[in-house]
Amino acid sequence: MHRPRRRQKKDIESDGVFARTNLSGVGRDGLSEDKKKKLKIGGAILGVILLGVGIHSILLSTSGGGGSKAVVGHPSFTQVLNEGHIDEARANIKMMAHTKSGLSVMTVVPDDLTQDATFGISFRTPLSDNRGLATITENAVKAGSKTYPVKDPINQLQAGSLQTHLETWSEADRTSFTMASRNLKDFKNSMAVMLDGIFHPLLGEADHEWIYRQEGWRLETKEDQTTLYISGNAYNRARAAQMFPDVALDDFVHDRLFKEHTYGYNPKGLWNEILSGVRGHMIKFYNSYYQPSNGRVFCYGAPEYINACLDAVDEAVTRMLNDQAKKTEENGGVSILEELGVSLPEDSKVGFKMLNTINSVEERVAYPSFEETFDFRLSISWVLNDKPMDQRTEVAWHLIYEMLIGSPTATIAKELEVLGDDYIAKLDTNLQQWVMTMGVSGLASEADAGLARTKIVNKLAAISQNGFDREAMAAALNRVEFILRDLNSKDGSPQGVEMFKKVMRKWNYDLDPTLALTHLEEFKSLRAQLEDPDNVEGMEFILELMTKGLSDNTAQAIATLYPSAEMQLSAERNEIAWLNESDEFWDKATGVEIMRQTAELHRVQQEGDSALDIATIPRLSPEDLPKEAFEIPTKVTDKVFNTDLTMIENTVPDSNNIAYVDFTIDISNMKFKDVILLPLMCRLLAEAGTERKSDVEIRQHIDLYTGGLTIEPLVEEVYEFQEDHGYKVDSGKHMITKLLVRTSCFAEKGCAELFNLMKTVIYDSVIDKRQKVINILQDIIDDMEDDIQRNGHVYTTQRIESRYTLPGFIREQWFGITQLYKARAALQEALDDTKWEALGTRLLVAHDAIKRTHHSGLLLSITGDEKAISDLGGAVHMFVNDMLPAAPQKTPFPDFAKVEHPWVINGHLAMDSEMEIEDPFTAFLTPTLVNDVGRGGFLYQPGEHISGAHMAAVQYLGGFFLNERIRFNLGASQAWAQLDLDSGVVIYQSEQTPSIYTTLEIFRDATGWVQRQMEGHENLPVEAQAAIIGTVGKMDGSALQPNRVGHVALLQYLKQDTKEGRQTWRDEALTATKEDFMFFANRLAGWGGESLSAITNQRLLDQAHLKMQNRTMTTCHLTGYKCPEPEEVV
């Protein structure tokens, strides 16, 4: 489910406003003549590409504002359109085509050349079934290529490179690959390996039949050598996904609304249809769609990176064309596409599902749940269009979405809050046919679902008749403008990756890709009409659009979702039934052949790659790396405006005059027993309202004057250093505890209202509103129940970390499974008339402790370009001198790097009490079909040095051993190792692994593996040397986006991290030796305080316990209030 709180954190970049814009205006290019002149880039790209063979490249510059003037081009590419500067995109853009193949290319030189260089390539891959061929093929091309014949070249490269981003994904009508780097040689290496896999894979070779058995599905035998079970990466992913509540809704919506259309199929596949697939389907899918004439290439970065991108693309594509020419000649002049009966690009085009062919459907839909709870859900989804929309219509639909259901104060969201505890909201603009979904969760009965539907329908009708509330409209306009002006990705990926994803939402449909980057002018025009009380044109346009697209639209799917605790068992029974009936699907010879291919896969897995094959992977050496770490330019000002407040200023090259604000308040005055209430407290501060403003009014003001405002608790260890600046494990007594407020504003507007809102929510909120407390607690519970099923590895990691340090213990109390238990207990207190007063008093006391904070405990971090920082000055002065109330606390806070934190004594008492009754080996039961398994222990005692060389050893262990054995061999989604610099704790983690026991056995072999790899080598093995480079790549990271710079700088300041410490750590990694790796391996052999944590189901746990004879895991159910006592071990 896409719920509002999670939407603010995660979903906006994938499902929210303008993050999935892909439609164009009327006609093939969708632009009026006026807009063509304004944008300088326009026209029917595809037609020019097809006609462009033989046209010489014309490198003309019509740059209108900024960007590099360096020449970008290549003799093998024909320029399709003149170069132009897109002001909204802050970039110079050129459209080109590969002369020989017709491959379309977009080059982008950003004004800010500090951004990561990015390569992207996408193919149109329409679906005709649910066999998962798009995802299987996407992963199969990464399983070895002709130049790089190792079984996992992409990971080999990634684990030992400076890549800042690597991502591949499949959607209903396209498959995309992207990577980014800040190092030119690394960028070239990464492109060479990726392109060789894409255009020269081994998936079709006779001696690589095992690739399909790895990436698709296969039959395995259990230890008795007779009992069959099913495995394979695509199969395991599909099994896991059917247990996600949001997937249950998405699958229903797309299946019902897009019957027999590519959008009605799942690119990852459905488990039962995956089992009907064969290797030939995958090979045909690859040969049909992975062709240059069906591709689109994106090159982003400084000119030298773009030219390197063009060189690599030309080499890979030309070699593929030459290979195909030879095969065509050998085949009597018949090409592979002619043999398949495929004509590109025509056969990969995706048409529209006409609205008049979509029948309205209403059904009951089960979703997986912990138990048969009273959490019914109602959703209504509409297909909004069956032809391309112009930009005005696109903007209007986003405004409609925001005004109806885009925030807690939106019209429909407010209408539904009396029935349920949360609203459902999604605007999916990722495909050319948009789908809007709205609804409500937390309904007490199916009858309430009917009431919710009636409320939605009636409210839509009333709005169509009377229009929208002007305050709601103003807030929605502000939210949309933020998304348009903010070039940052919300998930931290590089700006080039974000732009690639945006332009593909147009480019994939043969539309001008720059249209995805240029909505701002149309938005301003529509906003002017809407804000003018004498101009009804804008509102009439929106209401007419809404009436036609929603109220009068029969292309809709209505789902009453009900919780089912039986879905897991039903799925398991279906698999058993399929195996029992498998003789109906194939004869004995086919079954024997499947098992032969599986055996070949096992041989490949066991033998591993040869040294010669590994040596083909291009590597960096330490000499290829910059000598110094990247640093954030930061200005720290103590005693701002003669107060006790400290301010950090971070100036970035370009933030589009958006200012990003992080504000922290020390909370060490709080009693430790009330710390568990902080997640609830943070939600109340942001949502409860004040004596003078209701919760709705506060939320509307946040939407109207900011880019969003979040509050969350923060606890971090303070770093400790040796005399030579090396990091030491801290003593556990020195930490910082804060409330963190994160927000943003348009700096040219002064931002005074933003700072007033920060002061209001922190100091003036009324947090003992009983009904609000009940609603938020229920929301926390519902969100966590859904999230644990999807992201179980996050919770197992937190659970392990909680056993070793007080900050880790606190974080798990706030964000882990303990918070779920405690929220349930708090909800019962809030509902009980005899207990509410005590809970309300605790909240008031905790809030009072925050309000009494001395101003020396306040820290303000502001980030933006020079103009934004300058424009913010007056508002900052007003906030510090006039808005902040005087602090009742008269004594400044001490330096907690030197003084023991007040929570330490009571915190350790609580921690010790928990650890006494809590089994370090714990399994939590959820409705899942796979496992998330973690193992941890401490390697270092407080005061001991953790070297950067040891971090390189962890990279080696996780990137090569765990990834190969658990992800590649076992079929898990991923696996890794991590070393916590603060605590000295090492954690091995796996995500969606099919076997608990086998995963744990691999974890336990980690020490021996490192030791064995070092044997017989005078120096470090090749992969260990690569891991050193990979470690430095993780340290240096990506070019931080403006919305992240201030937050990172703030954490560095609070943790008292130093440039010297970071540089020492980096130098230690770069000079790591075999002796360093052996030292680390020996430490692993004797690690202390082992703990295990798993998210699983009862059957999978029982299977593991049959083999874990000496030590089983305590079983914990997530439906109660605490983990059971140790004697309940089974």
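Which residues does UniProt list for "domain: Peptidase M16C associated"? I looked it up: the unreviewed entry gives residues 561-826. UniProt positions follow the numbering used here, feature names are shortened, and annotations may be inferred rather than shown by experiment.

I noted that this is a predicted model, where local features need pLDDT of at least 70, side-chain atom pairs count only at pLDDT 80 or more, and totals for chains, interfaces and linings use all residues. Residues are numbered from 1 along each chain as its sequence is written, and side-chain values use heavy atoms, without hydrogens and water.

Next, I checked the make-up of residues 561-826: 46% helix and 18% strand. The end C-alpha atoms are 27 Å apart. Helices (H or I, at least four residues) and strands (E, at least two) are DSSP runs numbered from the N terminus.

Then I turned to cavities. A cavity is a set of points, on a 1 Å grid over the protein atoms alone, where a 1.4 Å probe fits but cannot get out; lining residues have an atom within 4 Å of a point. Points are joined across faces, edges and corners, and a volume is the space filled by probe spheres set on them. I found 12 cavities of 30 Å³ or more.

The largest cavity has a volume of about 350 Å³. It is lined by 28 residues, with E88, A89, D486, L487 and K502 closest to its centre. α17 (470-485) and α18 (495-507) each give two or more residues to this lining. α18 gives the most, with 4 residues.

The second largest cavity has a volume of about 80 Å³. I counted 11 lining residues, with L249, D250, V253, K426 and T437 nearest its centre.

Terms used. On a 1 Å grid over the protein atoms alone, a cavity is a set of points where a 1.4 Å probe fits but cannot get out, and a pocket is an open set with protein on both sides within 12 Å along at least five of seven lines; lining residues have an atom within 4 Å of a point.
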